[in-house]
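This report goes through a structure part by part. Keep the sequence and the model in view while reading.

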Amino acid sequence: MTESHRPETPEEVGALVREAAERKTPIEVLGHGSKRAFGRPLKLEITLDLSRLSGIRLYEPNELVMTAGAGTPLAEIAAALAQNRQELAFEPADLGPLYGGEADRGSIGGVFACNLSGPRRFKAGAARDHLLGFRGVSGWGESFKSGGRVVKNVTGYDLCKLMCGAFGTLAVMTEMSFKVLPRAETTRTLLLLGEDDDPALARLRRAAASANEVSGLAHLPAAVAKRSALGDVAGAGGAVTALRLEGPAPSVVARMASLRAEVAGAGPTAELSDDDSRALWREVRDASYFAGRDAALWRISLTATAAAPALAGLAAKLAGDTSWFYDWAGGLVWLEIAGAAQAETVRAAVAKAGGHATLIRAPLTERAVTAVFEPQAKPVAALSRRIKESFDPGHILNPGRMYAGL
Amino acid sequence: MPLKMPEPDRAVIADRDRLVAELEAIVSAAGVVAEARALKAFESDGLTAYRQTPMVAVLPETVQQVSEIMKLCHRRGVKVVPRGAGTSLSGGALPLADGVLLVMSRFNRVLEIDWDNRCIVTQPGVTNLGLTKAVEHCGFYYAPDPSSQIACTIGGNIAENSGGVHCLKYGLTTNNVLGLQVVLPDGEIIRVGGRHLDAEGYDLLGLMTGSEGLLGVVTEVTVRMLRKPPTARALLIGFPTSEAAGECVAKVIGSGVIPGGMEMMDRPAIHAAEAFCHPGYPLDVEALLIVEIDGTEAEVDHLVGEVEKLAKSCGALSLRVSNSEAERLAFWAGRKAAFPAVGRISPDYYCMDGTIPRHQLPTVLRRIGELSEHYGLKVANVFHAGDGNLHPLILYDANQPGELERAEEFGGDILKLCVEVGGVLTGEHGVGVEKRDLMGAMFNEIDLAQQQRVKCAFDPQSRLNPGKVFPELHSCAELGRVHVSGGRTAFPDLPRF
């Protein structure tokens with residue numbers, strides 16, 4: 001029997017958490033629940049649903065800042081920003097459809113709690129780089145705040161960073177202030193067709209190091225490219241390597257010419273202009289090539305130069321059909337395995353490459369026995385546990401969602 | 001303002017000779033400074049108003065030595081204060097009478113430049129500018145560029161989360177660090193992050209950055225390097241009022257342009273800079289903006305035109321666009337020399353560092369003007385206009401009895417004003433000892449207790465850099481729940497578990 005609470009004010013959140021702390025009753029903290037299947041499964045009887053803590057409290061486009069309740073729909077925020085030609089520069093991924101849910105259902109709180117960032121991450125920073133301040137309730141049942149609404153702030157520890165990617169295990173964020181940025185006037189994407197992983201990634205790394213300010217660097221091997229909804233990509237009949245340029249129109253035109261000169265001799269190319277370019281990078285952002293399926297899915301962050309060899313090695317070792325694609329010039333890999341997740345094999349390869357692997361999707365039974373997040377070295381794990389207890393001494397907030405005992 | 005530091009532990013001081021011998025056993029006699037006169041060199045950092053000779057200074061060369069020093073001090077209950085180049089403007093490296101000063105200056109090597117992954121692995125004692133120097137021959141640079149970059153170290157930049165004039169577009173230290181090796185207060189060595197993005201687990205990288213040397217000692221750093229933009233041009237724009245300059249800043253950003261740098265100076269700062277190094281600043285304006293646009297040539301030309309249009313629409317009195325690298329650097333020369341320039345018109349100055357929501361600038365400048373009259377002390381303002389970071393320079397004469405105290409009180413009022421209008425106490429200099437006792441203006445007891453509990457997770461005995469950042473030292477055992485609100489539960493009508 002589960003019991004769901006939907007508080008309407010931060011004070012109610014405080015009261016509910018205090019009571020849970022006193023009764024030592026663990027609670028599952030949720031935004032809209034669109035990513036509920038992300039992480040270790042929780043079997044808690046009480047849920048704290050933050051969807052009523054909704055609404056944009058402050059938006060000052062000229063100050064590049066917005067403050068919103070944790071339960072504010074991401075879609076509402078994106079729409080308000082779009083009216084002023086602004087956006088969240090880190091391109092929050094919409095993972096809902098990967099879990100069989102509908103698109104555009106997440107909350108802003110969930111975005112920051114999961115530290116979800118998209119293709120522009122390597123250039124514009126992650127979600128964690130955009131959170132300026134928050135108010136929340138700790139596991140002590142105390143309402144507290146950290147940070148502010150200005151970009152430059154070193155007053156006290158940067159607890160915003162800790163909250164991002166903590167999956168609600170430290171505190172319940174009730175309201176947050178974050179940085180917003182101008183949306184590029186123009187976007188165009190250069191596609192290189194038919195290149196293998198290794199040379200394609202080397203090319204992407206060179207482009208990242210060039211002066212062309214490329215803001216998207218992805219490589220879709222043939223098996224993934226053919227799942228694209230874009231004709232130019234799906235119909236290419238092989239692998240597709242994508243390089244995105246954004247900015248004022250004259251600048252994009254000049255940089256596209258420069259980028260084309262750089263890749264001269266690479267083979268056939270194609271170009272996507274505004275709408276198609278945006279559609280492609282949405283697919284990459286959301287890894288939508290793996291939506292509507294239920295095979296095990298890994299999200300792997302690793303040293304870019306090591307990505308292609310690591311994946312080639314893995315493909316040979318893993319049992320079952322695999323497919324994958326690269327983002328961030330190879331720094332991010334999405335890997336789908338039909339069959340068991342085979343964590344040991346995946347993690348051994350990733351450790352060798354320098355990085356970490358997260359099991360984004362797997363059946364509940366598998367997530368219950370497999371480490372969903374990369375296991376940590378002993379002293380780091382011990383320190384993380386002490387940090388957890390400094391916020392949540394009774395282990396009542398999403399206990400075990402990231403690691404057992406955290 | 002009398003500064004209260006933790007009461008020195010007499011037993012520790014009495015046992016100093018034995019500690020010195022044990023430190024020498026770890027780093028050899030050449031790595032320990034114990035002689036009183038030599039220790040004088042370490043008695044303060046960039047905030048020279050506060051001085052304290054350390055009990056002993058130690059200069060390790062390896063992470064194992066740092067670990068052994070920390071273990072020794074942990075075992076003996078001795079406090080440790082880490083120090084990089086000692087350029088902190090907030091007293092973050094102020095020594096303790098009963099503390100070991102851990103000087104990281106021998107960690108001065110760049111360890112590896114990974115061109116293909118565009119990152120630099122370095123020891124923490126390398127200077128900020130040293131990182132750029134190491135990669136600039138291939139057209140790269142390290143983006144955060146605090147004014148002290150010629151001297152300050154990357155380890156200190158991590159401790160303070162340093163910014164610089166380019167951070168509006170390229171981020172602060174925290175946005176440019178990929179990995180750290182850290183020695184914890186008990187001597188344990190940990191690694192967080194690496195050469196990949198987004199480390200697993202809690203973001204310890206983000207927490208360590210800006211923690212002012214209270215959580216651990218950084219022994220290795222991995223940072224991103226960026227491709228140097230092919231072109232940069234600057235606009236020098238004079239305005240009749242600070243309101244007009246502020247409006248121009250808002251319009252530039254509102255139009256979607258993010259300049260590489262955007263700096264504002266008020267009349268006293270403009271005049272001081274012009275008298276000091278003759279950059280050719282207009283003297284008949286109340287506010288001067290320097291807007292730098294960088295990127296590819298096509299982009300820069302296009303955006304310079306946009307900014308010109310916006311500046312004119314805001315009533316600019318004068319406008320010059322740099323047409324050569326020499327001219328661009330000349331525009332910056334006055335701004336970069338603002339501190340020494342002010343130093344020449346006044347025997348002493350006290351540099352403040354608040355951040356405010358940008359639209360509050362006219363209000364804040366007006367109120368600073370009123371405070372200036374109240375305290376009878378002049379003030380010059382330089383402002384990182386793009387990100388709202390304000391540096392009022394309070395002019396005083398330390399030889400005049402009472403002036404330093406007045407300057408400090410004036411500074412405190414300015415910072416409280418910053419908080420009052422929605423800003424923060426410090427944008428980039430850190431809290432240290434300087435703003436420690438003002439933390440209550442921004443945070444309540446619960447906010448501060450939560451931060452101190454985080455400190456306890458790293459340092460349960462409070463031996464690493466105690467007396468900094470937090471106005472009151474609590475033992476970790478005292479930091480239980482702060483509020484029980486008299487046993488009453490709020491919202492008695494709510495459905496309960």
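In this predicted model, the largest nonpolar core has 238 residues. Those with the most contacts inside this core are Leu280(A), Leu335(A), Ile387(A) and Leu289(B). Helix H15 of chain B, residues 403-420, supplies the largest share of the core, 7 residues. Another core lies apart from it and has 25 residues, including Val20(B), Val63(B), Ile69(B) and Met104(B).

Residues up to four places away in sequence aside, Leu335(A) touches Ala296(A), Leu297(A), Trp298(A), Ile300(A), Leu311(A), Leu314(A), Leu318(A), Thr322(A), Ser323(A), Trp324(A) and Val346(A).

**The sheet in chain B**

Chain B has an open sheet of 4 strands with mixed pairing, in the order S1-S2-S4-S3. Which strands stand at the edges of this sheet? They are S1 (32-33) and S3 (79-83) of chain B; each has a single partner strand, so one side of each is left without a neighbour in the sheet. S3(B) pairs with strand S4 of chain B, residues 99-103, in the parallel sense over 5 bridges. Within this pairing, Val80(B) has Val100(B) in S4(B) as its bridge partner.

Two helices of chain B that pack on this sheet are H2 and H4. The table gives the strands that each one touches and an angle.

| Helix | Residues | Strands touched | Angle between directions |
|---|---|---|---|
| H2(B) | 16-27 | S1, S2 (56-58) and S4 of chain B | about 10° with S2(B) |
| H4(B) | 63-76 | S2, S3 and S4 of chain B | about 170° with S4(B) |

**Ala93(B)**

The loop between S3 and S4 of chain B contains Ala93(B). Is Ala93(B) buried or exposed? Its relative accessibility is 6%, so Ala93(B) counts as buried; the cut-off for buried is under 20%. Neighbours within four places in sequence aside, Ala93(B) is in contact with Asp45(B), Val81(B), Pro82(B), Arg83(B), Leu101(B) and Lys468(B). Ala93(B) and Met442(B) are 349 residues apart along the chain, and their C-alpha atoms are separated by 23 Å.

**The sheet in chain A**

In chain A, 5 strands form an open sheet with antiparallel pairing, and their order is S4-S5-S9-S7-S8. Its edge strands are S4 (56-60) and S8 (143-147) of chain A, and each pairs on one side only. On average, neighbouring strands of this sheet are turned by 15° against each other, direction ignored.

Strand S5 of chain A (residues 65-69) and strand S9 of chain A (residues 171-179) pair in the antiparallel sense over 5 bridges. Here Val65(A) stands opposite Lys179(A) in S9(A). Helix H1 of chain A, residues 10-23, lies across S7 (131-138) and S9 of chain A, running at about 45° to S7(A). Helix H16 of chain B, residues 445-458, also packs on the sheet; it touches S7 and S8 of chain A, and its direction makes about 70° with that of S8(A).

**Where the chains meet**

How many residues does the contact take from each chain? It takes 96 residues from chain B and 88 residues from chain A. Between them the two chains bury about 7700 Å², with 58% of this area on carbon and sulfur atoms. There are 7 salt bridges across the interface of chain B and chain A. The side chains of Arg205(A) and Asp116(B) also meet in a salt bridge, at 3.2 Å from N to O.

Conventions
Residues numbered from 1 in each chain as written. Chains lettered and ligands numbered in written order. Predicted model: local features only at pLDDT ≥ 70, side-chain atom pairs only at ≥ 80, totals over all residues. Heavy atoms only, no water. Core = buried A, V, L, I, M, F, W, Y, C linked by side-chain atoms within 4.5 Å. Buried < 20%, exposed > 50% of the residue type's maximum accessible area, 1.4 Å probe, protein only. Contact = heavy atoms within 4.5 Å. Pairing = 2+ DSSP bridges. Axes fitted to C-alpha atoms, helices over the stretch in contact; angles between N-to-C directions. Buried area = accessible area lost by both parts, 1.4 Å probe. Salt bridge = Lys/Arg side-chain N within 4 Å of Asp/Glu carboxyl O.
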